[in-house]
Structure formats: structure tokens, C-alpha cells
Amino acid sequence: MKITPLAIPEVLLITPARHGDERGWFSETFRQSALEEAGFKAAFVQDNHVRSTTRGIQRGLHYQKPPHAQDKLLRCVVGSIFDVAVDIRKGSPTYGQWVGAELSAENRQQLLVPKGFAHGYVTLTDACEVLYKVTDYYAPAAEGAVRWSDPAVGIDWPLPAAEITANARDEAAPLLAEIETPFEY
């Protein structure tokens, strides 16, 4: 398992090894001790599975506020997504900046998005499925969001905005400048 910090080093790109032969392949997709060696010590408590039916489906940018803040470990097991983490930690030298990576069934890469980051993705293919682990349980009262198209954040989505479909909640999410972030650097 290869673990690589991105331009915002708290966000990790994880590439599991794949071992194959004529029968198929085997891949270890999660190892707590490898994450601990990379500095991530939290335990995951819930797994989620999301299916999106068409290309251009936008999900996020979401986060949960303390005391229910979540670290997320995401992977795309069918299709392909462009996955993004936006730093919303007050006082951070990278506040308001984003990093992203294409996650696909083919490249097997995963993204570790820590607490203090808003997270979202757009589907790049039809029929995408995403699996992700979180370190706290879903708590609707703790939900927060930043608008996926906030020009001040300036995410370079790989699809034109006209080809992206978000739900009403995500379209109406506040801009980064409008949120009172609960996260400190």
C-alpha cells in the first residue's frame, strides 16, 4: 500500500497494491497500521455505499461539525469520480484551498479526507459506486456544507458546470465566506 500526501499534506492519496494471476487478483484495500504509520490514528466506525446513475452527478461539499466531525476514506469501485477536499480550518495556511484526485475502479486509488475539510465529488462516468469509511456516525444535526461552485474556492472540476447536476441542497449551500467554520488549525 502506497500512501502519498497531496499538496495539502493532511489529505492522503492511497494506492493499494494488487496481486494477480490467471485466476484474477487480490488487493488489500484497508490496513489500520499503514494509516497509523502515515500519522492517521482515528478508528473508522461506519461504512457507506453510494450509487450515482449518470455522469456529472455532484455530491458535496459536505462536512460534519464537532462533536460529530468525520474523517473519510473514499474509493470508487465502479466507474470514476473526481474527488475533492477543501480546507475549512480557521487559521490554516491552506484555508480555502482544495486538492483533488481522480478515483476509479481502474486506478484503485483512495482519498483520506480528514476532519476540518469539506468533501465532495463529481461522477466522471455513468453508473458510479463509491464506498467510504467514516470515523463518526452520521448526525443530521451536525451537517455542514460549502457550495461546490464557490468561485472563491475555485475548484477546477473536470466537467463544465453546465454538465454538472447537484441537488437543491448542494446548489443552495453557503459560500465559504458565509460559513462560521467550527474547525481550528
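Helices and strands here are DSSP runs, a helix having at least four residues and a strand at least two. With that settled, I counted two helices and 13 strands in the protein. A reminder to myself: this is a predicted model.

**Overall form.** I looked up the radius of gyration and found 16 Å, which agrees with the value near 16 Å for a compact globule of 185 residues. Along the principal axes, the C-alpha atoms fill a box of roughly 55 × 35 × 30 Å.

**Burial and surface.** I checked how much is tucked away: 46% of the 185 residues count as buried.

**Contacts and charges.** I took the contacts between residues at least 6 apart in sequence, and 80% of these join residues at least 24 apart. Then I turned to charge: there are 18 positive and 24 negative charges, and their mean positions lie 3 Å apart.

**A closer look at Glu 163.** I found Glu 163 in the loop between β13 (143-145) and α2 (168-171). Is Glu 163 buried, exposed or partly exposed? Its relative accessible area is 38%, so I noted Glu 163 as partly exposed, the class between under 20% and over 50%.

Next I asked which residues Glu 163 touches, leaving aside neighbours within four places in sequence. The contacts are Arg 55 and Gly 56. With Arg 55 there is also a polar contact, side chain to side chain, at 2.8 Å.

Last, I took a distance to Gln 110: Glu 163 is 53 residues from Gln 110 in sequence, and their C-alpha atoms are 25 Å apart in space.

Conventions
Residues numbered from 1 in each chain as written. Predicted model: local features only at pLDDT ≥ 70, side-chain atom pairs only at ≥ 80, totals over all residues. Heavy atoms only, no water. Rg over C-alpha atoms; globule rule 2.2 N^0.38 Å. Buried < 20%, exposed > 50% of the residue type's maximum accessible area, 1.4 Å probe, protein only. Contact = heavy atoms within 4.5 Å. Lys, Arg positive; Asp, Glu negative; His and termini not counted. Charge placed at Lys NZ, Arg CZ, Asp CG, Glu CD. Polar contact = N/O pair within 3.5 Å; in protein donor to acceptor, adjacent residues only side chain to side chain.
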